[in-house]
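Let's take a friendly walk through this model together. Have the sequence and the structure open as you read.

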Amino acid sequence: ADIKPDNILIKRTEAGFYTGKIIDFDSGFFEDSIPEEIQGDQIYLAPEVRLHMMEEEAKITTKIDIFALGILFHQYWSGRLPTILSDYDYVFESVLDDSPVFLDDSIPKLMRKLIGKMLNKNPELRPSAAQILKVLDTLLTSTAEPIFEPGFNTRPSSFASNRSS
């Protein structure tokens with residue numbers, strides 16, 4: 001429930017690949033024991049968490065982390081948060097009001113599409129972690145659009161073996 005850059009350690013492996021490790025689970029919980037007060041950074045807050053905080057009907061699932069990861073992916077790919085209208089301070093506010101969230105054009109099209117799905121207002125329509133990995137595999141094996149700087153090692157077999165690291 002607290003996915004954000006400060007809680008992910010990124011390390012380059014000896015083989016030249018990058019791996020991420022989630023740290024700081026003090027705000028974590030299981031779906032079957034949702035706390036009354038959910039902790040987390042508002043920048044990465046999912047719409048349903050905000051509804052829960054306002055004591056409105058909201059189903060809290062692991063999809064709150066998918067939403068946060070969508071914002072984080074946008075940051076990793078573009079260096080900035082998704083753009084929202086000036087009426088809003090946070091992505092979740094824009095999403096709750098059905099206002100547009102603009103994704104940076106510098107992000108490869110397939111990745112933008114994935115991030116857009118990750119930021120869906122309806123958590124049930126957000127992709128699963130397995131679906132996200134499948135898209136990432138496709139990005140790594142596609143030659144249609146360069147997605148990494150020259151010299152960045154993107155062999156898919158090594159990527160797949162690093163997933164569980």
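## The hairpin

Start at Arg-12, which stands opposite Tyr-18 in strand 2. This is a predicted model, so please read every value here as computed. The two strands involved are strand 1, covering residues 8-12, and strand 2, covering residues 18-22. They pair in the antiparallel sense, over five bridges.

Together, strand 1 and strand 2 form a hairpin, and five residues lie between them. If you look into the turn, you will find Gly-16, with a positive phi of about 90°.

## A nonpolar patch

Along with Ile-10 and Tyr-76, Tyr-18 makes a nonpolar surface patch of about 310 Å².

Tyr-76 belongs to helix 2, which spans residues 63-78. How exposed is Tyr-76? Its relative accessible area is 40%. Tyr-76 therefore counts as partly exposed, a class that runs between the 20% limit for buried and the 50% limit for exposed.

## Around Thr-83

With a relative accessible area of 46%, Thr-83 is partly exposed.

Which residues does Thr-83 touch, leaving aside those up to four places away in sequence? They are Pro-100, Val-101 and Phe-102. For Val-101 there is also a distance to check on your screen: Thr-83 and Val-101 are 18 residues apart in sequence, yet their C-alpha atoms are 5.9 Å apart in space.

Key. Residues are numbered from 1 along each chain as its sequence is written. This is a predicted model: local features need pLDDT of at least 70, side-chain atom pairs count only at pLDDT 80 or more; totals for chains, interfaces and linings use all residues. Side-chain values use heavy atoms; hydrogens and water are left out. Two strands pair if DSSP finds at least two bridges between them. Helices (H or I, at least four residues) and strands (E, at least two) are DSSP runs, numbered from the N terminus. Patches are made of residues with over 30% relative accessible area and no salt bridge: like charges are joined within 9 Å, nonpolar side chains (Val, Leu, Ile, Met, Phe, Trp, Tyr) within 5 Å. Accessible areas come from the Shrake-Rupley method with a 1.4 Å probe; for residues, only the protein chains shown count as cover. A salt bridge is a side-chain nitrogen of Lys or Arg within 4 Å of a carboxyl oxygen of Asp or Glu. Buried means under 20% relative accessible area, exposed over 50%, partly exposed in between (1.4 Å probe, protein chains only). Contact means heavy atoms within 4.5 Å.
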